[in-house]
Amino acid sequence: MTNQGAGGGGVGVVGLYVDDQDEALAFYVGKLGFRVHTDVRNGAYRWLTVQHPQQPAFQLGLFTPGPPIHDEATAQTLRAMVAKGAMPPLVLHVPDCRAAYAQLRDKGVEFTQEPVDRYGSVDAGFRDPAGNGWKMIQAAGDAR
Amino acid sequence: MPTPSSLAADAQPDPGLLRRLLRAKDRMDAASHEAWSVQRLAQVSGVSSAHFARLFRQAFGIPPHRYLLTRRIEQATTLLRDTNLPITEIAFVTGWESLGTFGRTFKDITGRSPSAVRQDALSDTSSLDRVPACYLKAAQRPDLTTAVSEKRRTAATGTNQPSTTKE
């Protein structure tokens, strides 16, 4: 089952809102092991996307709410929603959840749920510095 | 400039503060059976005890103590439905210090007694004693089972998140 490198079609970029792009970059690249895909500035605006090393066809955008996209009131609401953990859940697939958990925990990743077995799959939960919640899932049958 | 009263009513607290309040909520979610005094929660959030409850309520629309109770009740309900644990045991593992307090609070919040909920659950299904069926049922409600599995796992290994200060 693969959805990578489909040779033309597919979702290319999905963005997250983060409070601080430098902090997000340090987290997604420095801790989770993503790579920078694009980091371009235009004045105060910064288009920043990262990619998973095994998923080059997909970019995860690390965007800050604010001008020129949002008026300040809207930006404030978005920042609050992210910080309160209200944004949609994100899922990261890993071959070995417990190993990834140990590794990321040692790097200081903030886990909200330690690895739990469910019918052969194993999942754990963590948050990025901004408050976005991730589920880290090892599919049933993998590495078993 | 907004007046102090309009600030209290409308203004969003800054994201950094909300993020720290979320941390307290996360910690209650991960270990709702533990004692979460306002002092302990305030410490997690890095705010003063005097302000924590108000700030939490302002952010999430529910006082922290009430939020913790709802998580405990949710967990107790799951255990009543999916396990054969005695109700006394359920009261204990979901964080109450006495069966009486558990029963009273459970009924206050759900409108039914724990034994009534269990009785309904028993009459709802013919296979409660079959463990795989229980797990199947539980697997269909990921939000409800997370904390339960977490507790079982924690109880089994006696470990805890490194960031957790056990009381």
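Predicted model: local features only at pLDDT ≥ 70, side-chain atom pairs only at ≥ 80, totals over all residues.
Helix α2 of chain A runs over residues 72–83, and because twelve residues at 1.5 Å a residue should span 16 Å, the 16 Å between its end C-alpha atoms agrees with expectation. At its start, a side-chain oxygen of Asp71(A) comes to within 3.1 Å of the backbone nitrogen of Ala73(A). The buried residues of α2(A) are Ala75(A), Leu78(A), Ala80(A), Val82(A) and Ala83(A), and what covers them includes β1 (13–17) of chain A as well as α2 (15–30) of chain B.

That takes us over to chain B. There, α2(B) packs against helix α3, residues 38–45, at an angle of about 130° and with the axes 7 Å apart, so the two helices are oblique to each other, and their crossing is right-handed. On the α2(B) side the residues that meet α3(B) are Arg20(B), Leu21(B), Arg23(B), Ala24(B), Arg27(B) and Met28(B), while α3(B) contributes Leu41(B), Val44(B) and Ser45(B).

Finally, in the loop between α2 and α3 of chain B we find Ser32(B), which counts as buried because its relative accessibility is 4%, the cut-off being under 20%. The side chain of Ser32(B) makes a polar contact of 3.3 Å with that of Gln75(B), and, leaving aside neighbours within four places in sequence, Ser32(B) is also in contact with Leu68(B), Arg71(B), Arg72(B) and Thr94(B).

Definitions and conventions
Residues numbered from 1 in each chain as written. Chains lettered and ligands numbered in written order. Heavy atoms only, no water. Helix = DSSP H or I, 4+ residues; strand = E, 2+ residues; numbered from the N terminus. Expected span 1.5 Å × (residues − 1). Buried < 20%, exposed > 50% of the residue type's maximum accessible area, 1.4 Å probe, protein only. Contact = heavy atoms within 4.5 Å. Polar contact = N/O pair within 3.5 Å; in protein donor to acceptor, adjacent residues only side chain to side chain. Axes fitted to C-alpha atoms, helices over the stretch in contact; angles between N-to-C directions. Parallel < 35°, antiparallel > 145°, perpendicular 65-115°, else oblique. Left-handed = near helix turned anticlockwise from the far one by under 90°.
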